[in-house]
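Subject: Structure for your reading

Dear colleague,

My notes on it follow directly after it.

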Amino acid sequence: MADITYRANLKSANFPFLSELHGRAVIVRGQDQNYIQGLAPKESMDTSVGIPQIYYAHNVIPTDQGYRAVGYEEYSVATRPSTVGFGDVKVLRDNLGNSALFTTDAVGNCYVMETGTSVWVNPTTPPSAASIAGKRVTVAFVSGVTYIYFSGVGCYTYDFGTGAMASATLDGLVAADIIGIVGNQGYLLAYSVDSIAWSSTVDPLDFVPSLTTGAGGGQVEGVRGVIVTVEEVYGGLIIFASDNAVAGLASGNPRFPYNFTPIPGAGGLANPEYVTSDVGSGSLYAYTESGVQTISLKGAQPAFPEVTDFLSGSLFEDFNEQTNELELTDASGTEVIKRIALVADRYVIISYGIGALTHALYYDIAYKQWGRLRIDHVDCFEFMQYPDPSTELPKRSIAFVTGK
């Protein structure tokens with residue numbers, strides 16, 4: 001019997017996140033499908049060149065030639081009990097070009113992996129594990145120093161030369177009230193659920209209000225609900241609250257360094273993990289009460305409506321590699337865990353799962369195509385552990401931290 005070569009479309013911008021949403025089979029004469037007007041949106045006509053396409057995928061990513069399968073390589077083995085899981089990963093740096101990854105485990109132990117190494121080590125003189133267990137960690141890089149803040153506990157720094165952590169007191173503030181910190185325009189900023197304070201530009205630890213030093217703060221005009229997180233963007237800050245978001249535009253006035261105004265169209269944020277962190281960008285991706293949005297200092301726009309519809313639904317699908325069958329799960333009444341990360345200014349990684357993060361939708365901003373990954377994890381971040389900063393290994397910029 002003669003072989004018949006058939007070409008299917010592997011450059012479509014989208015694929016259905018549930019296989020039951022794929023189109024009905026269409027049979028036409030000839031081996032290849034040609035582009036049919038009206039079957040694809042105008043913005044994707046250059047890639048939607050036919051009808052047949054994939055309707056389920058995981059551990060595949062889009063490339064210029066179509067889709068490619070990917071695997072996972074273990075980079076580091078944690079030196080901790082297997083029953084104690086890691087949390088979020090933060091980046092530490094100093095003014096000498098040193099950098100490291102920082103995280104804590106479920107019982108409050110601190111771990112650091114300096115660039116060029118592959119082993120998590122415990123810093124010396126860390127805060128009491130019991131006091132920081134389960135606390136959110138935020139970091140801010142100001143005047144050549146990275147400050148580490150444990151929500152409601154206190155501020156610390158890390159010395160790359162000695163491998164030690166040291167307490168740093170924020171003068172003029174009550175540590176128990178502060179839920180996070182951020183750095184911007186030479187200021188160290190600390191925020192509570194209802195206000196924000198900025199430091200002196202001379203001493204990042206000086207928050208005592210003064211017309212001489214410029215330190216000050218207060219409640220943020222326009223905030224509705226409680227403050228959830230504050231993120232730095234190019235030109236200022238975005239204050240995410242439970243019911244809206246407020247822009248803090250840098251004014252250049254040392255007495256009033258920010259002008260606060262509500263961002264039109266921005267929805268409220270339920271969890272600080274639902275927004276990306278990218279200090280060099282003019283906008284951030286966030287999963288708000290209005291769905292996935294791109295939010296800048298000037299406004300908010302809907303993004304990836306198909307993701308909003310998928311994650312706000314109750315059906316999740318996975319492929320069982322033992323039975324070679326698709327398995328559909330009804331998640332009605334179950335919390336859907338989510339997290340958003342932007343990697344290498346190109347890949348939007350939207351992690352999700354029922355009770356724990358098990359999958360991640362992968363969007364390539366350059367190709368404007370979706371992929372999907374399946375890996376149990378607690379965080380996704382940009383991998384920067386190369387010994388030489390000029391070293392660039394292709395396709396190794398996305399890293400996951402597992403909870404085991």
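Two residues are said here to be in contact when heavy atoms of theirs lie within 4.5 Å. Please keep in mind that the model is predicted.

**Overall composition**

The protein has 404 residues, and 46% of them count as buried. Its secondary structure consists of two helices and 28 strands. The accessible surface is about 20400 Å², and carbon and sulfur atoms account for 52% of that surface.

**The nonpolar core**

Which residues have the most contacts inside the largest nonpolar core? They are Ile238, Phe240, Phe304, Val307, Ile350 and Trp370, in a core of 41 residues. Strand S18 (residues 283-288) supplies the largest share of this core, namely four residues.

**Threonine 288**

Threonine 288 also lies in strand S18. Is this residue buried or exposed? Its relative accessibility is 4%, and the limit for buried is under 20%, so threonine 288 counts as buried. The side chain of threonine 288 is joined to that of glutamine 293 by a polar contact of 2.9 Å. Apart from neighbours within four places in sequence, the contacts of threonine 288 are Gly267, Gly268, Leu269, Gln293 and Ile295.

**Isoleucine 178**

The loop between strand S9 (164-168) and strand S10 (180-184) holds isoleucine 178. This isoleucine has a relative accessible area of 7% and is therefore buried. Which residues does isoleucine 178 contact, leaving aside its neighbours within four places in sequence? They are Tyr149, Ser151, Gly152, Leu173, Ala190 and Tyr191. As for serine 195, it stands 17 residues from isoleucine 178 in sequence, and the two are 9.3 Å apart in space, C-alpha to C-alpha.

**Strands S3, S4 and S5**

Strand S4 (residues 99-104) has antiparallel pairings with two other strands, S3 and S5. The pairing with strand S3 (residues 90-93) has four bridges, and here lysine 90 stands opposite phenylalanine 102 of S4. The pairing with strand S5 (residues 110-114) has five bridges, and leucine 101 has methionine 113 in S5 as its bridge partner. Five of the six residues of S4 are buried, which leaves this strand mostly covered.

**An open sheet of four strands**

Four strands form an open sheet in the order S14-S15-S16-S17, and their pairing is antiparallel. Which strands lie at the edges? Strand S14 (227-233) and strand S17 (258-262) do, as each pairs on one side only. From one strand to the next, the twist averages 20 degrees. S14 is joined to strand S15 (residues 236-241) by six bridges, and the two run antiparallel. Glutamate 232 stands opposite leucine 237 in S15.

Asparagine 59 is not a glycine, yet its phi is positive, near 60 degrees. This asparagine is found in the segment before strand S1 (60-63). With 15% relative accessibility, asparagine 59 counts as buried.

Glutamine 185 likewise has a positive phi, of about 55 degrees, although it is not a glycine. Its place is in the loop between S10 and strand S11 (187-191). How does glutamine 185 count in terms of accessibility? At 49% relative accessibility, glutamine 185 counts as partly exposed, because exposed requires over 50%.

With kind regards

How values were computed
Residues are numbered from 1 along each chain as its sequence is written. This is a predicted model: local features need pLDDT of at least 70, side-chain atom pairs count only at pLDDT 80 or more; totals for chains, interfaces and linings use all residues. Side-chain values use heavy atoms; hydrogens and water are left out. A nonpolar core is a set of buried Ala, Val, Leu, Ile, Met, Phe, Trp, Tyr and Cys residues joined through side-chain atoms within 4.5 Å. Buried means under 20% relative accessible area, exposed over 50%, partly exposed in between (1.4 Å probe, protein chains only). Accessible areas come from the Shrake-Rupley method with a 1.4 Å probe; for residues, only the protein chains shown count as cover. A polar contact is a pair of N or O atoms within 3.5 Å; within protein, one must be able to donate a hydrogen and the other to accept it, and residues adjacent in sequence count only if both atoms are side-chain atoms. Two strands pair if DSSP finds at least two bridges between them. Axes are lines fitted to C-alpha atoms, for helices over the stretch in contact, and angles run from 0 to 180 degrees between N-to-C directions.
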